[in-house]
Amino acid sequence: MKRANLRKTVTILMLFLFLLASLTYSSYSYSKRSAEKLVGETLQYFSLSQVRITLVPFHRKYPVWMFRFSFPDSFDEKFEIYTSIFGNIEMTNPRDIEHRLREFEKIVPHPYSKEAIEQARLEQIESKRKAYEKGLMLFEESSFKNAFKKHFLISEIEAPENSSTYGVYFFTLPEWQASLSPQKSYPIPFEVKAVFPIKNNRIEASITPEEIEKAIDKCLSHPHVLNYISNNPTPGIRLRITGDRLHWNTPELQEFLSELKGSRAEEKEIRNWARVIIDGKEHQYFSFYLNSISGELIYTDTAANGSKPLLVTMEATN
């Protein structure tokens, strides 16, 4: 009797599991077809990279299917479609992906086709070539070329069209860009990223190599900086300069000065504030503004002071 009851229980359990598996597969099939229908023609270029049952994002009230589609040739080109267990579209991430996909279908060739990607690659190469040629021409015609070449190895020259570097105060003007490596030997490698404005097809630059080197020397002799370097691995230090000052983001600096000292710096004083970034390990860094004349240093201590700027004077450091 017991054996018969056990067989009956096992049979019922097997039937239940078979029914559950059948319903789950049917739900998956209906939902997958719904998701692929929404993707449309773009399904030729994106592959289904992940499927799982989860809760509706932000609501988390009931389980749904999540289908993630990814573009094989890119790390971060992906989107997600969420469907109910009955195959109805619940939401997408990003929310406007259906509109984007329909717009892609109107473009010939399709933006994710091999033809379009190759075309974009060639256009990018051509754009970089033009940016380099224009940047080099402007540099050769510049008033600062000879002085800078005596002090720096100059690379990555370019004058890209319609480029606006984030944080640069003259964001309405075209840019000339270059990396400057000091020829003078320092105990830690320095790189100076220059972004100069272009006016009337000429590079506007009044900053001098001596001012840049003075900022580097002040940085490497500053007690606060030396203390940081002695306690942290430092593979390199970066400076960001523009044509008439030793930093990019003047509005941010003026805001810090106004909060810390009660007034904004005058135009003739602002050029002496250098933006310094000390690189660390695993994408960590310590950044600050350093006055190359007075030695005043401004940084934000996010851990201890709620991202408010802190002012360190040479007297206080000593």
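**Charged pairs and overall form**

Guide: In this predicted model, Glu 267 and Arg 245 form a salt bridge, with 2.6 Å between the closest N and O atoms.

Visitor: Where do Glu 267 and Arg 245 lie?
Guide: Glu 267 belongs to helix H8 (residues 267-270), while Arg 245 sits in the loop between strand S9 (236-241) and helix H7 (250-261), so the pair ties together parts 22 residues apart in sequence.

Visitor: And is Arg 245 buried or exposed?
Guide: Arg 245 is buried, at a relative accessible area of 3%.

Visitor: What does Lys 261 pair with?
Guide: Lys 261 forms a salt bridge with Glu 296, and their closest N and O atoms are 3.1 Å apart. Lys 261 is in helix H7 and Glu 296 is in the loop between strand S11 (285-291) and strand S12 (297-300), so this pair ties together parts that are 35 residues apart in sequence.

Visitor: How accessible is Lys 261?
Guide: Lys 261 has 44% relative accessibility and counts as partly exposed. Glu 296 is buried, with a relative accessible area of 14%.

Visitor: What about Lys 128 and Glu 158?
Guide: Their side chains meet in a salt bridge, at 3.3 Å from N to O. The pair links distant parts of the chain, as Lys 128 is in helix H3 (residues 114-140) and Glu 158 in strand S5 (residues 152-158), 30 residues apart. Lys 128 counts as partly exposed at 48% relative accessibility, whereas Glu 158 counts as buried at 15%.

Visitor: Which residues form a network of salt bridges?
Guide: Glu 126, Arg 129 and Glu 133 are linked in such a network.

Visitor: How many salt bridges are there in the whole structure?
Guide: The search finds 18.

Visitor: Changing topic: which residues of helix H2 are buried?
Guide: Helix H2 covers residues 97-106, and Ile 97, Leu 101 and Phe 104 are buried there. Viewed down the axis of H2, these buried residues fall within an arc of 55°, so they line one face of the helix.

Visitor: What is on the other side of H2?
Guide: His 99 and Lys 106 are exposed on that side.

Visitor: Which residues form a nonpolar patch on the surface?
Guide: The patch consists of Leu 6, Val 10, Leu 13, Met 14, Phe 16, Leu 17 and Leu 20, which together have about 680 Å² of accessible area. Leu 13, for one, is found in helix H1 (residues 2-39), and is partly exposed with a relative accessible area of 47%.

Visitor: Now the chain as a whole. How many helices and strands are there?
Guide: The chain has 10 helices and 13 strands. Its radius of gyration is 30 Å, well over the 20 Å that the globule rule gives for 318 residues, so the chain is more spread out than a compact globule.

Visitor: What does the C-alpha trace span?
Guide: Along the principal axes of the chain, the trace spans about 95 × 50 × 35 Å.

Visitor: And what share of the residues is buried?
Guide: Of the 318 residues in the chain, 40% are buried. The accessible surface of the chain comes to about 19,400 Å², with 54% of that belonging to carbon and sulfur atoms.

Visitor: What about contacts between residues 24 or more positions apart?
Guide: Such residues account for 55% of the contacts in the chain with a separation of 6 or more.

Technical notes. Residues are numbered from 1 along each chain as its sequence is written. This is a predicted model: local features need pLDDT of at least 70, side-chain atom pairs count only at pLDDT 80 or more; totals for chains, interfaces and linings use all residues. Side-chain values use heavy atoms; hydrogens and water are left out. Buried means under 20% relative accessible area, exposed over 50%, partly exposed in between (1.4 Å probe, protein chains only). Helices (H or I, at least four residues) and strands (E, at least two) are DSSP runs, numbered from the N terminus. The arc is that of the directions from the helix axis to the C-beta atoms. A salt bridge is a side-chain nitrogen of Lys or Arg within 4 Å of a carboxyl oxygen of Asp or Glu. Patches are made of residues with over 30% relative accessible area and no salt bridge: like charges are joined within 9 Å, nonpolar side chains (Val, Leu, Ile, Met, Phe, Trp, Tyr) within 5 Å. Accessible areas come from the Shrake-Rupley method with a 1.4 Å probe; for residues, only the protein chains shown count as cover. The radius of gyration is taken over C-alpha atoms; the globule rule is 2.2 Å times the number of residues to the power 0.38. Contact means heavy atoms within 4.5 Å.
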